[in-house]
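This report describes a predicted model.

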Amino acid sequence: MYSDKFKQLFMYPKYCKDIEYTHTAEVVYPEHGDKVRIFLRIENYVVKDVAFKAVGCPRVIAASEAVCRLIDGKHIDDVKYLNEEHVRDEMDFHDKNFTCINAPIEAVKKAIAKVL
């Protein structure tokens with residue numbers, strides 16, 4: 001069910017760390033017990049550092065790591081177009097029955113909305 005890339009994201013997340021952040025946001029899916037908080041350090045509209053804390057299923061943790069990899073170093077104009085397909089491709093996980101993949105995407109968009 002899970003690819004090697006998915007397992008790598010879930011088992012060895014490098015963005016699950018503490019950073020000095022300028023923006024943060026949290027998304028909770030209470031029906032599934034998933035919770036993601038994204039931390040961003042944004043300078044001149046560029047994501048200079050990113051981190052996450054997540055509780056929940058393996059998919060939400062792997063998706064949080066994938067989101068961080070996709071937005072690290074990117075301009076927020078590019079980040080605002082991040083979508084589920086980008087994250088699924090990064091995770092090599094294409095089962096659309098799991099909507100928890102969207103939790104970290106929503107958290108990032110809430111955080112950058114405070115910048116825009």
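## Accessibility and two loop residues

A residue counts as buried under 20% relative accessible area, as exposed over 50%, and as partly exposed in between. Aspartate 92 has a relative accessible area of 40%, and is therefore partly exposed. This residue is placed in the loop between α4 and α5. Although aspartate 92 is not a glycine, its phi is positive, at about 55 degrees.

Tyrosine 45 also has a positive phi, of about 65 degrees, and is not a glycine. Its location is the loop between β2 and β3. With 46% relative accessibility, tyrosine 45 counts as partly exposed.

## Aromatic pairs and cluster

The model contains five aromatic pairs. One of them joins phenylalanine 6 and phenylalanine 93, with 5.4 Å between the centres and 45 degrees between the planes, a tilted arrangement. Phenylalanine 6 belongs to helix α1 (residues 4-11), whereas phenylalanine 93 is in the loop between α4 (84-91) and α5 (102-113); the pair therefore ties together parts that are 87 residues apart in sequence. Both phenylalanine 6 and phenylalanine 93 are buried.

Phenylalanine 93 forms a further tilted pair with phenylalanine 98, at 5.9 Å centre to centre and 40 degrees between the planes. The relative accessible area is 3% for phenylalanine 93, which is buried, and 22% for phenylalanine 98, which is partly exposed. Together, Tyr2, Phe6, Phe93 and Phe98 make up one aromatic cluster.

Arginine 59 is part of helix α2 (residues 58-71).

Arginine 59 is buried and has no salt bridge. The nearest side chain of opposite charge belongs to aspartate 34, at 6.6 Å; a salt bridge would require a side-chain nitrogen within 4 Å of a carboxyl oxygen. With neighbours within four places in sequence set aside, the contacts of arginine 59 are Tyr2, Phe6, Met91, Phe93, Phe98, Cys100 and Ile101. Tyr2, Phe6, Phe93 and Phe98 in that list are the members of the aromatic cluster.

## The nonpolar core

The largest nonpolar core comprises 37 residues. Within this core, the residues with the most contacts are Ile38, Leu40, Val50, Val87 and Met91. At least two core residues come from each of α1, β1 (23-29), β2 (34-43), β3 (46-55), α2, α3 (76-79), α4 and α5. Helix α2 gives the most, with eight residues.

Leaving aside neighbours within four places in sequence, methionine 91 is in contact with Ser3, Lys5, Phe6, Leu9, Arg59, Ala62, Ala63, Ala66 and Ile101.

Where does lysine 110 lie? Its place is in helix α5. The relative accessible area of lysine 110 is 44%, so this residue is partly exposed.

Not counting residues up to four places away in sequence, lysine 110 touches Ala25, Glu26 and Val27. Strand β1 spans 23-29. Lysine 110 and valine 27 are 83 residues apart along the chain, and their C-alpha atoms are separated by 8.7 Å.

Technical notes: Residues numbered from 1 in each chain as written. Predicted model: local features only at pLDDT ≥ 70, side-chain atom pairs only at ≥ 80, totals over all residues. Heavy atoms only, no water. Phe/Tyr/Trp six-rings, centres within 6.5 Å; stacked < 30°, edge-to-face > 60°. Helix = DSSP H or I, 4+ residues; strand = E, 2+ residues; numbered from the N terminus. Buried < 20%, exposed > 50% of the residue type's maximum accessible area, 1.4 Å probe, protein only. Lys, Arg positive; Asp, Glu negative; His and termini not counted. Contact = heavy atoms within 4.5 Å. Core = buried A, V, L, I, M, F, W, Y, C linked by side-chain atoms within 4.5 Å.
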